[in-house]
Amino acid sequence: MRLPKDIEIYHYDGRYKFFYRSEVVEDRRPDIGFPAHSTDIRPPFEDLRQGEIPVFNGIGWDIVIDNFWRPKHRDENFDAGRPSSTYRPLGLSMIGGHFPPYPSMPMLCNSALVVTSICQRLRYIHAKFDTAIDFHRRALELFPSIPLDTPHDPLSLASQPTHTYMYKLEIESLVYTMRKVLDSLLQLSYLLTNYADFEATKEIPVNEIGHILMENSRYSDLKKIFIGAEDEGYAADKTGFLRIINDVFNSFKHCLMHDESYSLVTLDVPFLTSYQAKHNKHQNEIVTHHHNLYHVMMGFQDTVLRILKNQANYLLKNPKSP
């Protein structure tokens, strides 16, 4: 019987074949070979000069000038600023005094119905969170430590992508609904602060949080409510949640790289993962989003409560607002 041993293997890029890392692995199954785009043939590191790199030619290594492009990466890890153990479902209602009286859009939309929808979406978000937690548990159950010589169960393999993808899709649905709630609160805030403009134009020009994150002095009161102004008594977005949720939402919507994250399932605690190149310009910085899902939930809750508090503060400071 052949005993396993540790060997060093060398990974290279799948398309351009240049070396990028080595690792020590247990050589247990020589009959199935090494992982894709790797070899146990050692590159000639001692022959490298400044600016050169080994490139695998299928048999051995060539040494070439290193003119290969590589993406620039940066990690984002959101911290809600409080322990995960403090997470509790957030229950708000129209009749509980949680929301200020918003002006409606005559002949177009009753703002009370928007508030009702926000309350229902908050409940939906918590239900999606619970479902994501369950699918995360199920996904992990499909990755036990199975001896390599054990035949795979075809039924297990058939169900494996389902739970993993359902886990990821539940998180996507959760994030989309969070954005809808925040965008609705933004538009309601616009009606509070700029109702005369709306009456004149019948337009809500600031309709999603990406707009308010950009500099725009015209909507200073709106920015105080959403972004904050501590010196004027408006609580600030100290954790940067609005920027994080906006970037994650855009990565889900626009970036093909986001689907790369579907192969990542974290242990113990569920995480929101995604890859983002802003405006799909991959020459620029690529952001790896890796956020504890409990902290995302708490950041969302704290942001909703902060905005509602700032709306109430605005009405106290501006009692003649509609």
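Tutor: This is a predicted model. Start with E7 and strand E8 (residues 285-292), which pair in the antiparallel sense over seven bridges.

Student: Which residue stands opposite asparagine 292 in E8?
Tutor: Phenylalanine 271 does.

Student: What is the strand order in the open sheet?
Tutor: The order is E6-E8-E7, three strands with mixed pairing. Strand E6 (72-76) and strand E7 (271-277) are the edge strands, each pairing on one side only. From one strand to the next, the twist averages 15°.

Student: Which helix touches E6, E7 and E8?
Tutor: Helix H6 (residues 241-254) packs on the sheet and touches those strands. The direction of H6 makes about 70° with that of E7.

Student: And where does helix H7 lie?
Tutor: H7 (residues 293-317) lies across E7 and E8, and runs at about 90° to E8.

Student: Different topic. How many cavities of 30 Å³ or more does the structure hold?
Tutor: One. The space in the largest cavity is about 40 Å³.

Student: Which residues line the largest cavity?
Tutor: Lys168, Ile171, Glu172, Phe252, His258, Tyr262, Leu272 and Thr273. By class, that lining has four nonpolar, two polar and two charged residues.

Student: Which element gives the largest share of the lining?
Tutor: H2 does, with three residues. Helix H2 (154-193) and E7 each supply at least two residues of the lining, and E7 is also one of the edge strands of the sheet.

Terms used. Residues numbered from 1 in each chain as written. Predicted model: local features only at pLDDT ≥ 70, side-chain atom pairs only at ≥ 80, totals over all residues. Heavy atoms only, no water. Pairing = 2+ DSSP bridges. Helix = DSSP H or I, 4+ residues; strand = E, 2+ residues; numbered from the N terminus. Axes fitted to C-alpha atoms, helices over the stretch in contact; angles between N-to-C directions. Contact = heavy atoms within 4.5 Å. 1 Å grid on protein atoms, 1.4 Å probe; cavity = no way out; pocket = protein on both sides within 12 Å on 5 of 7 lines; lining within 4 Å. Points joined across faces, edges and corners; volume = space filled by probe spheres on them. Nonpolar A, V, L, I, M, F, W, Y, C, P; charged D, E, K, R; others polar.
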